[in-house]
Amino acid sequence: MKHINYFDLGLYKGEEVDMFLSEIDGVYDYTVYGFEAHPAAATNVSQKFADNQNVFIYNKAITDKENAGNNINLYLERSGQGNSIFPTKNNVDRSRYVTTNSISFVDWVIQNVPNYKESYNILRFNIEGAELLLMNDIIDSN
């Protein structure tokens, strides 16, 4: 069986990683790469999966190639979840934000996951308005 790479963009509390692991852990060879833009949430999820050597959590926001590698503002939501790199998203407070580092997902995979071409790759994302940036990055990178 081929190796499985599971990419989860927008972790929040890591519930989808939990679901993935409940089906796959101990059955298949896998690696989980999780990305969360909010520093505190990324730390919490990292601690949650600290005992699993196949799970790697990164405090990074997903953006386009033009802004990748730069620190960007993550605007905080008003009522629970849904932070966004876009101050125009209807549920965020433009005056409340944290600064976080950003990446191009495609460039990150190419640079950090040498087996991605030979593996099964699963991508789950809920990145609060940056989905189009992600999809354009994937399409433009072929």
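Two strands are taken to pair if DSSP finds at least two bridges between them. The legends below refer to a predicted model.

**View 1. Strand β4 and its partner β6 in an open sheet of 3 strands.** Strand β4 is joined by 2 bridges to β6 (residues 92-103), and the two run parallel. Within this pairing, A61 stands opposite S102 of β6. The strand order of the sheet is β4-β6-β5, with mixed pairing. Its edges are formed by β4 (61-62) and β5 (71-77), each of which pairs on one side only.

**View 2. The aromatic pair F35 and F105.** The structure holds 11 aromatic pairs. In this one, the rings are arranged edge-to-face, 6.3 Å centre to centre, with 90 degrees between the planes. F35 belongs to strand β2 and F105 to helix α3 (residues 105-112), 70 residues apart. Both F35 and F105 are buried.

**View 3. The aromatic pair Y58 and W108.** Because Y58 lies in strand β3 (residues 55-58) and W108 in helix α3, the pair ties together parts 50 residues apart in sequence. Y58 counts as partly exposed because its relative accessibility is 24%, whereas W108, at 9%, counts as buried. Ring pairs link Y58 and W108 into a cluster with F7, Y33, F35, F56 and F105.

**View 4. A nonpolar surface patch formed by M1, V27, Y28 and Y120.** Together these residues have about 470 Å² of accessible area. Y28 is located in the loop between α1 (15-24) and β2 (30-35), and its 36% relative accessibility is why Y28 counts as partly exposed. K2 lies over the face of Y120, at 5.2 Å from the ring centre.

Key: Residues numbered from 1 in each chain as written. Predicted model: local features only at pLDDT ≥ 70, side-chain atom pairs only at ≥ 80, totals over all residues. Heavy atoms only, no water. Patch = residues over 30% accessible without salt bridge, like charges linked within 9 Å, V, L, I, M, F, W, Y side chains within 5 Å. Areas by Shrake-Rupley, 256 points an atom, 1.4 Å probe, with all protein chains shown as cover. Salt bridge = Lys/Arg side-chain N within 4 Å of Asp/Glu carboxyl O. Helix = DSSP H or I, 4+ residues; strand = E, 2+ residues; numbered from the N terminus. Buried < 20%, exposed > 50% of the residue type's maximum accessible area, 1.4 Å probe, protein only. Phe/Tyr/Trp six-rings, centres within 6.5 Å; stacked < 30°, edge-to-face > 60°. Lys NZ or Arg CZ within 6 Å of the ring centre and 35° of its normal.
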